[in-house]
Amino acid sequence: MRAPTILVAKGAGDPNALVRALSRYDVYEVAGLDELGGAARRAELIVIRSGIRLDVDRLAAMPKLRHVIRAGSGLDGIDTAVLAARGIGLYRYPEASAPAVAEWCLAALLALARRIPLGAHGLALGCHLKTACLGTPVVSMRVAVWGAGPIGRAAAAVTERFGAEVAFAARPSITDGLRQMPAAELPGWADAHIVALPATAENIGAFGTGFLRSAAGRRPLLVVAGRLATIDASACLEALADGGLTGLAVDPIEAADAHLFKSGPTPLNLLATPHIGAQRADIRAALDAWVTQTASALLRGEAAR
């Protein structure tokens, strides 16, 4: 009889640490969840990261699944209704990556403000664009933060420490002392926007033509650290080319989305990164340790019972 199985999406956890901690389990590191066959049917626990979908069909292929560990925070791509109906536990650690993603947000904001991507893209195309790279100081900016979860709060804190004036998009769920402004007022107020929203139905495409029209008078910088689906990527890139946006930085780009951000013949003040916000050595080590500890507690506890 085959041993019970743990599936680990590549980059979501340390399979060797899981093998050492849970020696009676077979541990498989997988690039995706399609065509896993028997391994999927035997899987009792799965560790996933962003870009991995756990929809109804994939969950149906895992009849023994009891636990899902999400090495991060996002729930997009996970059919939580099916998990609840089957009594499958879902475990996340949203706070772990917040400091690193906030650091990326500040780096992106500084890069866009100094027009570093524009200058770099120009040189790659053989153009010297020094005069077009006249920057603006972040210290004098008004920055709107959309999303008051761990990442939004961390991004606001590091931006404020740098000297910018920060306000959150007001929401009823924000009950502490954060400075808030009505969302409708922020496009006309802010010089830069940091988007740290989940890909819920109300947020899908929220930063598209309507937002860009409202913000056109400010020609702001747009920094996207939450989910790509919260923006209309084509509309934002068009606004960047036309001058409606002064700069655009987007991190949550998965492999399937990479084609949207291919460099064209015209230099742009565009910073596009392959979802590296949490890709910092200390954060990865903390997440790997948490995954192993969580899986061990869940499965050893069951074995003891």
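## A buried partner and its bridge

In this predicted model, E44 is buried, with a relative accessible area of 13%, where buried means under 20% relative accessible area, exposed means over 50%, and partly exposed lies in between (1.4 Å probe, protein chains only). Its salt-bridge partner R66 is partly exposed, at 27%, and the closest N and O atoms of R66 and E44 are 2.9 Å apart. Because R66 lies in the loop between helix 3 (56-60) and strand 4 (67-70) while E44 belongs to strand 3 (residues 43-48), the pair ties together parts that are 22 residues apart in sequence. Helices (H or I, at least four residues) and strands (E, at least two) are DSSP runs, numbered from the N terminus.

## Salt bridges in the whole structure

A search of the whole structure finds nine salt bridges, each defined as a side-chain nitrogen of Lys or Arg within 4 Å of a carboxyl oxygen of Asp or Glu.

One of them joins D288 and R284, with an N to O distance of 3.3 Å; these two residues are four apart in helix 11 (residues 281-304), and so are separated by about one helical turn. R284 is buried, with a relative accessible area of 17%. Salt bridges that share partners also join E103, R280 and D282 into one network, in which D282 and R280 meet at 2.8 Å, N to O. Both are partly exposed, D282 at 43% and R280 at 26%.

Residues are numbered from 1 along each chain as its sequence is written, and side-chain values use heavy atoms, with hydrogens and water left out. Because the model is predicted, local features need pLDDT of at least 70 and side-chain atom pairs count only at pLDDT 80 or more, whereas totals for chains, interfaces and linings use all residues.
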